[in-house]
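Here is a short report on one protein chain. Please look through the sequence and the model before reading on.

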Amino acid sequence: MGDNFRKIEWQIIRLEEVDSTNEYAKRIAETSPEGTVVVARRQIAGKGRKGRSWASPKGGLWLSVILKPGRVDPRLVFVGALAVVDMLADFGISSGIKWPNDVWAAGKKIAGILTEGKGSEYVVLGIGINVNNLVPEELRESAVSMFELLGTKIPPERVLERLLPHISGWYRVFLERPDLLMGKVREKTFILGGTVRVIQDEGELIGRAIDILDDGSLLLETSSGLRRVVYGDVSLRFVEHI
Ligand code: BT5
């Protein structure tokens with residue numbers, strides 16, 4: 001890697017409560033340096049993609065990192081996902097990426113990533129990780145926390161301490177060798193080979209997940225041939241039989 005990489009200097013803004021750390025980060029992004037991190041103990045309007053809500057009670061780690069890569073690139077979501085996978089491994093939890101923006105452990109969602117950006121000005125990398133928080137009743141089947149898997153509580157602050165170096169590491173790989181970043185994503189993605197249903201605004205696609213391409217898109221083998229699905233507002237479900 002080149003030597004001219006500026007090491008990110010983290011500046012952490014800690015909040016007790018916020019609407020959404022992504023919204024807060026966007027409000028200050030233009031006047032804040034790269035490496036500004038907004039962390040809140042609780043979000044009252046935590047959000048996922050497409051206006052979905054993200055349950056963010058006390059005990060979890062809810063943060064947004066301001067990055068200034070000079071462009072909005074869909075692959076930045078993987079900087080967050082790989083950093084979470086590495087952080088979880090540091091605590092002995094094995095996990096994988098469910099393309100495009102989830103991290104799963106023990107068959108359930110443990111973290112979600114939401115990137116938002118403004119042209120060449122900034123990207124906000126939002127990461128939500130269930131640490132000690134209870135997941136809402138209606139999500140018990142599909143969501144899990146670090147506490148449930150480890151049987152012990154780790155202070156979210158320690159999780160953050162572990163996470164940030166992984167973010168700067170993968171961000172550097174993204175900037176200098178995006179092909180290596182995508183190689184790692186392929187290795188950590190557990191959907192490849194499986195049959196999935198992709199839900200888009202335009203409709204649904206069912207096919208076998210063949211590959212994740214270097215531009216971050218998913219290659220599907222469908223009954224009508226190969227289809228490339230671009231990261232964006234797609235949701236993905238596993239399909240047992242077609
Ligand atoms: C995501 O959206 O997975 C992105 C979540 C990003 C959250 C972080 S927290 C810090 C920053 N500030 C924000 O306001 N957001 C970011 P999506 O793929 O659309 O998934 C949303 C779906 O996940 C919901 O519809 C629920 O089904 C489920 N969900 C909600 N809360 C959850 C939780 N705490 N754990 C697991 N699943 C959850």
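## A glycine in a loop

Gly 60 lies in the loop between strand 2 (36-43) and strand 3 (61-67). Helices (H or I, at least four residues) and strands (E, at least two) are DSSP runs, numbered from the N terminus. At 5% relative accessibility, Gly 60 counts as buried. Buried means under 20% relative accessible area, exposed over 50%, and partly exposed in between (1.4 Å probe, protein chains only).

Gly 60 and Arg 41 are 19 residues apart along the chain, and 7.1 Å separate their C-alpha atoms. Leaving out residues up to four places away in sequence, Gly 60 touches Ile 129, Val 131, Asn 133 and Pro 156. Contact means heavy atoms within 4.5 Å.

## Basis of the model

This is a predicted model: local features need pLDDT of at least 70, side-chain atom pairs count only at pLDDT 80 or more, and totals for chains, interfaces and linings use all residues. Residues are numbered from 1 along each chain as its sequence is written, and side-chain values use heavy atoms, with hydrogens and water left out.

## Two domains

The domain assignment gives domain 1 (11-188) and domain 2 (195-238). Such bounds come from an automatic or database domain assignment. The domain centres, taken over C-alpha atoms, are separated by 23 Å. Domain 1 puts 17 residues into the contact, and domain 2 puts in 18 residues.

## Nonpolar cores

In soluble globular proteins, nonpolar side chains tend to be buried together. A nonpolar core is a set of buried Ala, Val, Leu, Ile, Met, Phe, Trp, Tyr and Cys residues joined through side-chain atoms within 4.5 Å. The largest one here has 58 residues. Val 84, Ile 129, Met 146, Leu 163 and Leu 218 have the most contacts inside it. Helix 2 (residues 76-90) supplies the largest share, 11 residues. Domain 1 (11-188) and domain 2 (195-238) both contribute residues, so this core lies between them.

Which residues does Ile 129 touch, not counting residues up to four places away in sequence? They are Gly 60, Leu 61, Trp 62, Val 84, Met 87, Ile 110, Ala 111, Met 146 and Leu 163. A second, separate core has 10 residues, including Val 18, Ile 28, Val 38 and Tyr 122.

## Aromatic rings

The whole structure holds two aromatic pairs. Rings of Phe, Tyr and Trp (its six-membered ring) pair if their centres lie within 6.5 Å; planes under 30 degrees apart count as stacked, over 60 as edge-to-face and the rest as tilted. Trp 104 and Phe 190 form a tilted pair, 6.1 Å centre to centre with 50° between the planes. Trp 104 is in strand 5 (residues 102-105), and Phe 190 is 86 residues apart from it, in the loop between helix 5 (178-188) and strand 8 (195-200). Trp 104 counts as buried at 18% relative accessibility. Phe 190, at 36%, counts as partly exposed.

Tyr 171 and Phe 174 form a stacked pair, 6.3 Å centre to centre with 10° between the planes. Both lie in helix 4 (residues 156-176), three residues apart, about one turn of the helix. Both Tyr 171 and Phe 174 are buried.

## A buried threonine

Thr 21 is in helix 1 (residues 21-28). At 2% relative accessibility, Thr 21 counts as buried. Its side chain makes a polar contact of 2.8 Å with the side chain of Ser 64. A polar contact is a pair of N or O atoms within 3.5 Å; within protein, one must be able to donate a hydrogen and the other to accept it, and residues adjacent in sequence count only if both atoms are side-chain atoms.
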